[in-house]
Amino acid sequence: MKIIIAGAGAMGSRFGLMLHQAHNDVILIDGWQDHLDHINRDGLIADFNGQEIVAKIPAYHQDHANEIDFDADLIIVFTKAMQLDHMMASIQNMIGDQTKILCLLNGLGHEDTLEKYVSKDHILLGNTMWTAGLTGPGKAKLFGDGYLELQSLSTTGKAAADKVIDVLNGAKLNAKYSEHILSSIYRKACVNGTMNGLCTILDSNMADLGATAPIDDIVNSIVNEFAAVAKHEGVELDLDQVLAQIKSCYDRETIGLHYPSMYQDLITNQRLTEIDYINGAIARKGQKYGVATPYCSFLTQLIHCKEELLGAK
Ligand code: NAD
């Protein structure tokens, strides 16, 4: 399959590399020139479960996407949430009548951004439990296993989605079709909407945060706001299941000592966060549906203060 990875950071590198290894025709499009230069000069270098892999995958700057002659069957967008609109504008002319766009970003509301550029029958909305990291320009660290779920936004899109799933599974990406992708997306957003913002503001790993006295109250309040908004979008969240998933993050033996990605982006690397697409999305949607969201609004504002204080870019 001819595949564009639009946004070739940590996750784009993982998907690009695994699909390339499975003999698909893959190109990378990104906006970080230094990263692109390294990939085009030395290949994409990955520590893949402890083994070094060098993949020669052509990489292009998104500002020159118009000049690329590549008839893509599939475009996997993997920017940060706040970069998605600009990426879609950059690659708009590369989207053909048959091109599917798979979106696996964290956060809520990306379908609204995608629908500014393509109709529902192009869009596959998904959610992934794969992880990835970058250790420098052109260098990825890819550990562990994962899976992904996706759903076509059009009622007639299942057959095309199944073809994409076959290709993803050919690359061992463990993909399956979901009839309720919004539920999965909301469940993951609840975990991100509690652990990410709170650990970042409170300068804590998840285990230490989970051991504080007020945490249950705070988490319950945030999750209740997500659930109330989700209900207006036809999603019934199972609160016990969501809270159990959040509590599993406190386990010191597994992932509890970990600082969430928002912490690494903002505190470690002074990069802007995806807060507007997680708690900020709940605040915006809450306003639309007449649902009060004081916890999500406040956490969003605190993260924006921190971004300003740290001069995040
Ligand atoms: P990323 O930050 O690695 O990459 C996103 C974009 O930022 C890319 O265009 C990349 O080139 C650019 N970028 C990265 N580092 C940069 C730097 N130092 N200077 C300039 N540009 C830089 O993002 P990601 O982790 O691949 O995440 C993409 C999406 O997938 C997000 O929505 C994220 O929440 C989601 N996600 C990530 C993971 C993960 O483990 N990383 C897991 C699941 C979902």
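Me: Where does His23 sit in the chain?

Reply: His23 is in the loop that links helix H1 (10–21) to strand S2 (25–30). Keep in mind that this is a predicted model.

Me: Why is His23 called exposed?

Reply: The cut-off for exposed is over 50% relative accessible area. His23 comes in at 74%, so it is exposed.

Me: And what is the phi of His23?

Reply: Positive, about 70°, even though His23 is not a glycine.

Me: What about Gln270: where is it, and what is its phi?

Reply: Gln270 belongs to the loop between helix H10 (261–268) and helix H11 (279–289). Its phi is positive too, near 50°, and again the residue is something other than glycine.

Me: Why does Gln270 count as partly exposed?

Reply: Buried means under 20% and exposed means over 50%, with partly exposed in between. Gln270 has 33% relative accessibility, so partly exposed is the label.

Me: Zooming out, how many helices and strands does the protein chain have?

Reply: There are 12 helices and 12 strands in the protein chain.

Me: What makes the chain as compact as a globular protein of that length?

Reply: For 313 residues the globule rule gives 20 Å, and the radius of gyration here is 19 Å, close to that value, so the chain is as compact as a globular protein of that length. As for the box filled by the C-alpha atoms, it is roughly 55 × 40 × 35 Å along the principal axes.

Me: How much of the protein chain counts as buried?

Reply: Of its 313 residues, 52% do, and the cut-off for that is under 20% relative accessible area.

Me: What share of the contacts comes from residues 24 or more positions apart?

Reply: Taking contacts in the protein chain with a separation of 6 or more, 72% of them join residues 24 or more positions apart.

Me: Which domains does UniProt list, and how do you know what they are built from?

Reply: An unreviewed UniProt entry annotates residues 3–153 as "domain: Ketopantoate reductase N-terminal". In the model that span is 23% helix and 33% strand, and its end C-alpha atoms lie 20 Å apart. UniProt also lists "domain: Ketopantoate reductase C-terminal", again from an unreviewed entry, for residues 181–306. There the chain is 69% helix and 0% strand, with 32 Å between the end C-alpha atoms.

Technical notes:
Residues are numbered from 1 along each chain as its sequence is written. This is a predicted model: local features need pLDDT of at least 70, side-chain atom pairs count only at pLDDT 80 or more; totals for chains, interfaces and linings use all residues. Side-chain values use heavy atoms; hydrogens and water are left out. Helices (H or I, at least four residues) and strands (E, at least two) are DSSP runs, numbered from the N terminus. The radius of gyration is taken over C-alpha atoms; the globule rule is 2.2 Å times the number of residues to the power 0.38. Buried means under 20% relative accessible area, exposed over 50%, partly exposed in between (1.4 Å probe, protein chains only). Contact means heavy atoms within 4.5 Å. UniProt positions are given in the numbering used here, feature names are shortened, and annotations may be inferred rather than shown by experiment.
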